[in-house]
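Please open the structure in your viewer and keep the selection tool at hand.

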Amino acid sequence: MPPTSILNTTLPRVGDDRKGLLLGLTAVALFSLTLPMTGLAVAEMPAVFVALGRALVAACLAALWLWRRRAPLPTRAQWLPLALVAAGCVVGFPWLTSLAMRSLPASHGAVLVGILPLATAVFAALRSKERPSAGFWLMAVTGTALVVAFALRQGGGSFQVADWLMFAAVLLAALGYAEGGRLAQAMPGQQVICWALVLAAPVVLPVVLWLGWPQRAVLAQAGTQAWLGFAYISVFSMFIGFFFWYRGMALGGVARVGQTQLLQPFLTLLGAAVLLGEPLALDSLLFACAVIAVVAAGRKLK
């Protein structure tokens, strides 16, 4: 079933607020495998090629979708928000995380992504009219503190260069999420990510060709796992996941649906354990339970 059919037929009897949360959770489940799959890809492919190549593949899918749907061109006022989505979600986050994943375990990078909901809420508050309650902010800060403490615990009490790359990636992604969620209230969420991908394509294409041609022998020798990882982040992380994500934020609100991403680091930990064989420690599960409790509390304090 195509992504548009899923979004148009799933959960027709529930309210927009709850439907938005469930769509957000679906997106988070898809996004949660991004770091493990990126780890598989960059193990055998150049990191920048992986980052921008996946954007180019997704841009081709987006162009086909827009053509099939006969989607109208965005208005003049919508191009700047789309450019911010492209800069944050299409280029910035994939590029910086691919560089970071060359030296970071996926399980370590996963916990750093835990600050994304708070960063998204901050950008939403700055760029839109959403004003979450004080209780919501308290729960967002608490959840973020939990995942940062977990990251420091795993990193021996300090951050590495790759950690800072991840933090920068999170800030760019948060900007893209907030802008895309706000824009999805005025145009279909599917069109938001598709137009952002198409907008980025003229910049991404020459870079991919410039990087890919000298590395063609390396790419030809990459194994099945690396290509499967690349295919996943191209189709699901960069394309289909955003269909659910922006539609969910349009229905449930950017800041509140963004809270569901507090669960992503722990879903990623499970994915890293299964796909990469990284250990899943008891303290990871305890932190996961604590964050889930914070998400539930934040949902009630909206």
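Begin with helix α5, residues 79-100, in this predicted model. While α5 is selected, look for Gly92, where a kink of about 40° lies shortly before the proline Pro94.

Next, select Thr120, which is placed in helix α7, residues 116-127. Is Thr120 buried or exposed? Its relative accessibility is 1%, and because buried means under 20%, Thr120 counts as buried. Now display its neighbours: leaving aside residues up to four places away in sequence, Thr120 touches Ala174, Tyr177, Ala178 and Val254. Val254 lies 134 residues from Thr120 along the chain, yet their C-alpha atoms are separated by 7.5 Å.

Turn now to the aromatic rings, of which the whole structure holds 13 pairs. Select Phe31 and Phe242: the ring centres are 5.1 Å apart and the planes meet at 55°, so this pair is tilted. Phe31 belongs to helix α2 (residues 16-31) and Phe242 to helix α12 (residues 224-252), so the pair ties together parts 211 residues apart in sequence. Both residues, Phe31 and Phe242, are buried.

Phe31 and Trp245 form an edge-to-face pair, with 6.1 Å between centres and 75° between planes. Trp245 is also in helix α12, 214 residues from Phe31, and is buried, with a relative accessible area of 0%. To see the cluster linked by ring pairs, select Phe31, Tyr177, Phe242, Trp245 and Tyr246.

Finally, select Arg216 and Trp213: the charged end of Arg216 sits over the Trp213 ring, 4.0 Å from its centre.

Definitions and conventions. Residues are numbered from 1 along each chain as its sequence is written. This is a predicted model: local features need pLDDT of at least 70, side-chain atom pairs count only at pLDDT 80 or more; totals for chains, interfaces and linings use all residues. Side-chain values use heavy atoms; hydrogens and water are left out. Helices (H or I, at least four residues) and strands (E, at least two) are DSSP runs, numbered from the N terminus. The expected span of a helix is 1.5 Å times one less than its number of residues. The bend at a residue is the angle between axes fitted to the seven residues ending there and the seven starting there. Buried means under 20% relative accessible area, exposed over 50%, partly exposed in between (1.4 Å probe, protein chains only). Contact means heavy atoms within 4.5 Å. Rings of Phe, Tyr and Trp (its six-membered ring) pair if their centres lie within 6.5 Å; planes under 30 degrees apart count as stacked, over 60 as edge-to-face and the rest as tilted. A charge sits over a ring if NZ of Lys or CZ of Arg is within 6 Å of the ring centre and within 35 degrees of the ring normal.
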